[in-house]
Amino acid sequence: MIRIPSHAALLLLLALAGCGGGEEAETLLELPISGPDAVPAEGGAVYDPDETADGDGSLRIEAADTTTVFLHDAGAFDLDDAVLSYGAMLRSADLEGSAYLEMHVRLPRGEYLARTAASPLTGTTEWVSRRTGYVLDVEEKPERVRLFVTIHGRGTVWIDAISLTREPRP
Ligand SMILES: [Ca+2]
């Protein structure tokens, strides 16, 4: 067993905290999906009171073909020099293909995507957490942020506990 002197452990903690400039994540938006009024008007998803990651229902998407389902328009943010991070809980059943979170970030220089395509869901899974981020440069403020879930193929996907946070740049 390796013993680390307590003052060394404290210095290590301080060094780790210093990596992000001492800043902490800030919650910008939380969508707990706790009732039928959480269903996006654009369609593609329904409220499912029985399947849930946080105890109060979720959104269910039954995809017969490849689709990108709109979840929320978060609008503009007076925010730059940070990571805009989109996270949610996801679960799939009999998914022939893959599913991932997708965020569309409109900037003055164009529209950009961030998605969790590198860690997609496939087949039948339990609830898992997924998160993706977009790095905003100095003076680069998002004019519009929209949240989606994309399904390639067909099957059922649930999404719950959606959040948007501001995190320090790496
Ligand atoms: Ca919920």
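A hairpin of two residues joins β5 to β6. Helices (H or I, at least four residues) and strands (E, at least two) are DSSP runs, numbered from the N terminus. Strand β6 covers residues 110–115 and pairs with β5 in the antiparallel sense over six bridges. Two strands count as paired if DSSP finds at least two bridges between them. Within this pairing, M103 stands opposite A114 in β6.

The model is predicted; local features need a pLDDT of at least 70, side-chain atom pairs count only at pLDDT 80 or more, and totals for chains, interfaces and linings use all residues. Residues are numbered from 1 along each chain as its sequence is written. The pLDDT is the predictor's confidence in each residue, from 0 to 100. The chain averages a pLDDT of 90, and 87% of the residues score at least 70. Over residues 9–21, the pLDDT is below 50, and this stretch has four contacts in the model beyond near neighbours in sequence. Two residues are in contact if their C-beta atoms, placed from the backbone, lie within 7 Å.

Along the sequence, the pattern is α-β-β-β-β-β-β-β-β-β.

With β9, β5 runs antiparallel, and 21 bridges join the two. Two residue pairs illustrate this pairing. The bridge partner of S92 in β9 is V157, and that of E102 is F148. Strands β5 and β8 also run antiparallel, joined by nine bridges. Here V83 stands opposite V135 in β8. Strand β7 (residues 121–123) pairs with β5 over two bridges, again in the antiparallel sense. L95 stands opposite G123 in β7.

Seven bridges link β9 to β4 in the antiparallel sense. F70 stands opposite F148 in β9. F148 is also the bridge partner of E102. Strand β3 runs antiparallel to β9, with five bridges between them. In this pairing, L59 has I159 in β9 as its bridge partner. Strand β1 (residues 26–31) pairs with β9 over five bridges, also in the antiparallel sense. T27 stands opposite T165 in β9.

Buried residues make up 28% of the 170 residues in the chain. A residue is buried if 20 or more other C-beta atoms lie within 10 Å of its own, exposed if 12 or fewer, and partly exposed in between; the C-beta atoms are placed from the backbone. In soluble globular proteins, nonpolar side chains tend to be buried together. A nonpolar core is a set of buried Ala, Val, Leu, Ile, Met, Phe, Trp, Tyr and Cys residues joined through C-beta atoms within 7 Å. The largest such core holds 35 residues, of which I61, A99, M103, V149, V157 and I159 touch the most other members. The elements that give two or more residues to this core are β3 (58–63), β4 (67–75), β5 (82–107), β8 (128–136) and β9 (144–167).
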